[in-house]
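User: I am new to reading protein structures. Could you take me through this one feature by feature?

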Amino acid sequence: MSEFIQQLINGLSLGSIYALIALGYTMIYGVLRFINFAHGDVYMVGAFSGYYLGGWLINSMGMQSSVLLLVVVMVGAMIICALTGLVIERLAYRPLRNSPRLTVLITAIGVSLFLEYSGQVFFGADPKPFPSLIPDRTITYGGLTFTNKELIVLCVTVFLLIGLTFIVRKTKMGMAMRALSFNSTACSLVGINNNVIISFTFGLGSALAAAAGILSSLNYPVITPLMGLLPGIKAFVAAVLGGIGNIPGAALGGLILGVAETMIVGYGDKIHVPPSYRDAVAFVLLIGILLFKPSGILGKGTVEKV
Amino acid sequence: MRSEPIMAPRISSVGSLRLVRQLGALSCAALFLLSACEKGGGASGNSIPVGEYASLTGLTASFGTSSHNGVVLQIDKANTAGGVLGKKINLITEDDQSKPGEAATAVRKLISRDQVVALLGEIASSRSLEAAPIAQQSKIPMITPGSTNVKVTTIGDYIFRVCFIDPFQGEVMAKFALNSLHKTKVAVLTDVRQDYSVGLAAAFKDYFTKHGGTIVAEQSYSSGDQDFKAQLTSIKGSNPEAIFVPGYYNEVGLIARQAKELGINVPLMGGDGWDSPTLTQIGGHAIEGDYFSNHFSTDDKSPVVQGFVKNYRQRYSKDPDAMAALGYDAAGVLLDAMKRAGTTEHEKLRDAIAATKNYEGVTGTITINAQRNATKSAKILTIKDGKFHFVETIAP
């Protein structure tokens, strides 16, 4: 039994990272109705910003690993990624504002490949050890163990989830975002500057990706320029699973995916499923949800008007 | 003063245009031929072209770079001493980016365009297995420095290696676990995407269970995975006394960390895939006190090894690892065979490599056996204070 609970903890901590990436995915989709495939690579840029920033602060500025260091590095990486997001939006997506949605989607794939391979050129293709930003602590409770880092990831995910919901539901900016996603033409007619809102959304989404990149690298301290590929796809699945465009849905989808993967690895051999099928789990879930509830678990069904 | 615009001379008639075109094509062809002659002169030129393909970038970049450094050191040593057979060795290196498919492309290029007389590479068995059939087909002798999978040299009679093979390494760790660590209950965690890891695990299980040990749990992962807690939680439930993890350093570093986080405090054991400074950078304190088998140790007091370590430190300002030592020996065995053969003609060179006996390498005394594998002993290392320390030698 305690083994099962331990697996559940493992799954939740893995899932909270997927959830964190999925939040950014789903927010950009919610406002712009377009899937930003470069999101996973902004996550990579976030991790590398943290790697260089953290390394510099530790080696040149003599900072010790502490919560302060983590916060400084995380905020720094979030700013760098928000700017990256703004630049991507300005250069790649804005010129295509009135193009068919497929064009933008393919451009997003192009941006994703561009970031991955530019990363290989600038950062080098070899894996790099991520600096230890906070001291390692393992918490043991009745035979169950989890680390302070896993706890931080979970807390940050919950905090960002609440924060995002607040921004979208309660602020003026959030109201404009919702209006834009509802009808962009009407939105500009009532005096909202669509470009500002879209840039803001991109900046915010990319900052979330950076936070996810840093927190994931704390748990799994090896980073490579291609690290965003698989988590990006899985976070996309998580977002669809929870109902794309729905913020709590993305978090829920991420957690479900993490737990499902862990359980397949932990207990798969009992039902003759080898652990190497863990990556297939995401796609089986995706196909399942698309077959039975295409709008996702928390998504609202929309009526197609003919 | 108004200057007249300068007009470009025009070719007025169609005939002369054609002539220009033909001339252009001809000169292009001539240039091509010339450059081909220059490059493809093979052994008949002033230098002997030797091809090397290695993972200089990508996932196992640390292995590729080390073996490349070793090869370069050996070849430069030979060139400074006047070369081989009165000619300088010209090393042509291709990077396969640690990617499947790239090794085959690199080797095809080396053989057809650079017309190398022999090939050195790769460390990873899966990539050697990709390149070996091409070398065999073109009858170019290939010596792999570090591919330990059995299948590699069974591809054909032109494929050799200077390292030991997986079954031997698996057996060595099984012997070590039973006789030196006195562990009888061991769990195995295999990387199913690497032939190397699967081979080591199979040999380990075979020897270990035949000599009184029990495998209490078997789990697997795929290279590139980052989360191993599910597998480790299940392993923890079976209460092993040690865990055999024959993977590569990136994943092993993470596995060691996550095992400690889950409160698993038994030693981990592995093979030469662990040998990289990155292992201790990722694993940190978690990897301390674990064991792995290797080809080489800088602690070795023999003058050949100490000379190599000194030269390597001088040139690259760091300590050589096993892959560097194997690269050095692979090139060494090749040059030695060239000298004995007195020619770089494919068949004679092949025979000379096959006849290598008691070659004094830095990874031990190398004799190539009938299966074209090197027979030599393995060294067990442990990790202490972030450094690798020699524990004992286990003979075949």
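User: What span should the 21 residues of helix 2 of chain A have at 1.5 Å a residue, and how far apart are its end C-alpha atoms?

Analyst: Keep in mind that this is a predicted model. The general idea is to compare an expected length with the distance between the helix ends. At 1.5 Å a residue, helix 2 (residues 39-59) of chain A should span 30 Å, and its end C-alpha atoms are 30 Å apart, so the two agree.

User: Is helix 2 of chain A enclosed by the rest of the structure or open?

Analyst: Here one counts buried residues. A residue counts as buried if 20 or more other C-beta atoms lie within 10 Å of its own. In helix 2 of chain A, 16 of the 21 residues are buried, so this helix is largely enclosed by the rest of the structure.

User: What do the numbers for chain A as a whole look like?

Analyst: Of its 306 residues, 50% count as buried. The secondary structure of chain A comes to 11 helices and four strands. A compact globule with 306 residues would have a radius of gyration near 19 Å; chain A has 19 Å, which agrees. Its C-alpha atoms fill a box of roughly 60 × 50 × 35 Å along the principal axes. Among contacts in chain A between residues at least 6 apart in sequence, 79% join residues at least 24 apart.

User: How many helices and strands are there in chain B?

Analyst: Chain B has 13 helices and 15 strands. Buried residues make up 54% of its 396 residues. For contacts in chain B between residues at least 6 apart in sequence, the share joining residues at least 24 apart is 66%.

User: In what order do the seven strands of the open sheet in chain B stand?

Analyst: Strands of a sheet pair through backbone hydrogen bonds, either parallel or antiparallel. In chain B the order is 7-6-8-9-10-14-15, and the pairing is mixed. Strand 7 and strand 15 (387-394) of chain B are at the edges with a single partner strand each, so one side of each has no neighbour in the sheet. From one strand to the next, the twist averages 25 degrees.

User: Which strands of chain B pair in the parallel sense over three bridges?

Analyst: Strand 6 (residues 185-191) and strand 8 (residues 242-244) of chain B do. Within this pair, Val188(B) has Phe244(B) in strand 8 as its bridge partner. For the antiparallel sense, look at strand 10 (residues 291-294) and strand 14 of chain B, which pair over four bridges. There, Asn294(B) is bridged to Lys379(B) in strand 14.

User: What lies between strand 14 and strand 15 of chain B?

Analyst: These two strands form a hairpin with two residues between them, and Asp385(B) in the turn has a positive phi of about 50 degrees. Strand 14 and strand 15 of chain B pair in the antiparallel sense over seven bridges. One of the bridge pairs is Ile383(B) with Phe388(B) in strand 15. Strand 14 (residues 378-384) of chain B is mostly covered, with five of its seven residues buried.

User: How many residues does each chain give to the contact?

Analyst: Chain B gives 28 residues and chain A gives 23 residues. On the side of chain B that touches chain A, helix 8 of chain B gives the most, with six residues. By class, that side of chain B has eight nonpolar, 17 polar and three charged residues.

How values were computed. Residues are numbered from 1 along each chain as its sequence is written. Chains are lettered from A and ligands numbered from 1 in the order in which they are written. This is a predicted model: local features need pLDDT of at least 70, side-chain atom pairs count only at pLDDT 80 or more; totals for chains, interfaces and linings use all residues. Two residues are in contact if their C-beta atoms, placed from the backbone, lie within 7 Å. Ala, Val, Leu, Ile, Met, Phe, Trp, Tyr, Cys and Pro count as nonpolar, Asp, Glu, Lys and Arg as charged, and the others, Gly among them, as polar. A residue is buried if 20 or more other C-beta atoms lie within 10 Å of its own, exposed if 12 or fewer, and partly exposed in between; C-beta atoms are placed from the backbone. Two strands pair if DSSP finds at least two bridges between them. Axes are lines fitted to C-alpha atoms, for helices over the stretch in contact, and angles run from 0 to 180 degrees between N-to-C directions. The expected span of a helix is 1.5 Å times one less than its number of residues. The radius of gyration is taken over C-alpha atoms; the globule rule is 2.2 Å times the number of residues to the power 0.38.
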